[in-house]
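Hi,

Here is the structure I promised to pass on.

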Amino acid sequence: MTALPYIDILPSFDAVRVVNIRVTTDNHILIVCEPARPNVACPKCACLSQKIHSKRLRTLHDLPCFGRPVELLLSCRCFRCENPGCECKYFTEQFPGLSVRYGRRTCRAQECLVAMGVECGGEAAERLGSIIGLFWSADSFLRAVRRQPGPEIPTDLTVLGVDDWAMRKGQRYGTLCYDVKNHLPVALLPDREAPTLTKWLTERPNLPAIVTRDGSQTYRSAIDQGDPDAMQVADRFHIKHNFLGAVDDCVKRLLHKHPPEMNLKPATDSEIGSSTNDNDEVMSNTLARRKALWEHVHRLSTQGMTRRAIAIKLGISRSTVTKYLQSGIPVEQKWSHRKLDPFLTYLKSRWESGCHNAKQLFEEIQALGFTGKYSQMAAQLSTWRESAPKVKSVQSTPVREWVKRWVRKDDKLEPETQGEITRWVDSEPSVKEAYELTREFEHLFDTRDINRLKIWLSKADESNVPELRSFAHGLQRDEKAVTAALMENWSNGPVEAAVNSLKTVKRQMFGRGKLDLLEKRYLYLAVRRNAEERRTQSTQGSHVPQVPVSSG
């Protein structure tokens, strides 16, 4: 095996020659290098010069080797320009590709520093670097990311998506500008105010032809001022979400005002007597315990024990022992309330007339002179409730289930469910009107029929359904964008997904990074992932199906 010559350690840099490699006392690998070029061009006039003015040593940190930090000790020369007319009298030799001017790291080490800062952040990158031999601080990683100029914004931005995102939920919000066509974020704006977005649009050299957004009137006015010729496309998800919210409120109101008929069926004998049997069993067990305790107390008393000794032995109070010794064997007690007897006739008549509200009945007999307690009357009413015939009602259908039934296609419904809808709709004209408007909008939204949209808006505006009428007014205020949403295939869905990934990066930074750092990290991460996806698709070739994206 032949030893590797020093000159082959850095094969891609012809301007540098390796002189020596050694391990320092602090376990660092030190590579001593010297310049290899006989002359160097002046950075101002490009005139070659061989006149060396001075020399100095420059230390560059490189990537580790076998867990050991690597340093390059480079001898740099300062030249005197041989062109008398050049304004640069002296210049220092630079090594492009190996380092940058005033840099303390090699180019590849700086790239690794930026990549780790972008992917991991500061603290995580510091912990990871200490494992592989990069002993750089968290601030070094973050400074490297902040110093990057940022990825270039594509000039062919034809479809722009805007959406707000929470810097701190409920307090501060920003705006995400997203290239929907190329699936790349473009910029993070510090707020969601109209002047900020307008200024950003006016500063762009090429304005987008299509802008997707949600129903925000702030973004609408900003786009009208900053890019008046752009076609604004409302997000279909938000339209459908607002529509379902209006239907939910409508169904809730109709269920309260005009509830559908409930099918009642008598309860079975086991269901009727289940609670009564449980109560009887508890009462019988209590009576048995009292009888056993009574017998035990009397048996100990006949043996000559005092009442205090009996109480200590049985773990009961002495007053209980006295009560059991002075009374007969316990029997089942029949409760009676003599104060209530004069009012039983009145209570029975009110109960049979349909008034089963205990609080109301208590107030009525109090007005007639009853001075007893509420519990006395409640005990009497409980006996009447237990003796009354019980029925078991079918559980009422929740509001959300009714909303699903209204918007679901007829062929997706069970015949029994369809029958329940028909009975409720036919029972009340207001329910029928709301149901027909709901079904009509659901159909035109699925088929994207813009002609029927205008007809529906006028019908909803003249209807007696306040929830759908308010929803229609909102669509009319943004009718052009809503119409474009039905005509175009673009939507704000990719922007919503981008907001989720942005929140992931923000939470990884524990909310402590400022907007400039968050923007650099997020944009670089998006560019890296997009490039990786394109590289994967290109390597797989025809095995990956390509889905064409059309603007309509």
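I'd begin at the start of α16, where a side-chain oxygen of Asp-449 comes to within 3.2 Å of the backbone nitrogen of Asn-451. Bear in mind throughout that this is a predicted model.

The helix itself covers residues 450-461, and its length checks out: 12 residues at 1.5 Å a residue should span 16 Å, and the end C-alpha atoms are 17 Å apart, which agrees. Its buried residues are Leu-453, Trp-456, Leu-457 and Ala-460. They take up an arc of only 105° around the axis, so they sit on the same side of α16. What do the buried residues of α16 pack against? Their partners are α15 (429-447), α17 (466-477) and α18 (479-487).

Trp-456 deserves a click. Leaving out residues up to four places away in sequence, Trp-456 touches Leu-437, Glu-440, Phe-441, Leu-444, Leu-468, Phe-471 and Ala-472. Trp-456 is also among the residues with the most contacts inside the largest nonpolar core, along with Ile-239, Trp-406 and Phe-441. That core has 72 residues, and helix α6 (residues 236-257) gives the most to it, with eight. There is a second, separate core of 16 residues, including Val-186, Ala-187, Ala-222 and Ala-230.

Phe-66 has a positive phi, near 55°, although it is a residue other than glycine. Phe-66 lies in the loop between β5 (52-65) and β6 (68-80), and at 84% relative accessibility it counts as exposed. Arg-448 likewise is a residue other than glycine with a positive phi, near 55°. Arg-448 belongs to the loop between α15 and α16, and is partly exposed, with a relative accessible area of 31%.

Now for confidence. The protein chain averages a pLDDT of 83, with 87% of the residues scoring at least 70. Over residues 263-279, though, pLDDT stays under 50, and the model has 14 contacts beyond four places in sequence for that stretch. Residues 542-552 are also below 50, with 10 contacts beyond near neighbours in sequence. Where pLDDT is low, the predicted coordinates should not be read in detail.

Cheers

Conventions:
Residues numbered from 1 in each chain as written. Predicted model: local features only at pLDDT ≥ 70, side-chain atom pairs only at ≥ 80, totals over all residues. Heavy atoms only, no water. Helix = DSSP H or I, 4+ residues; strand = E, 2+ residues; numbered from the N terminus. Expected span 1.5 Å × (residues − 1). Buried < 20%, exposed > 50% of the residue type's maximum accessible area, 1.4 Å probe, protein only. Arc of directions from axis to C-beta. Contact = heavy atoms within 4.5 Å. Polar contact = N/O pair within 3.5 Å; in protein donor to acceptor, adjacent residues only side chain to side chain. Core = buried A, V, L, I, M, F, W, Y, C linked by side-chain atoms within 4.5 Å. pLDDT = per-residue confidence, 0-100.
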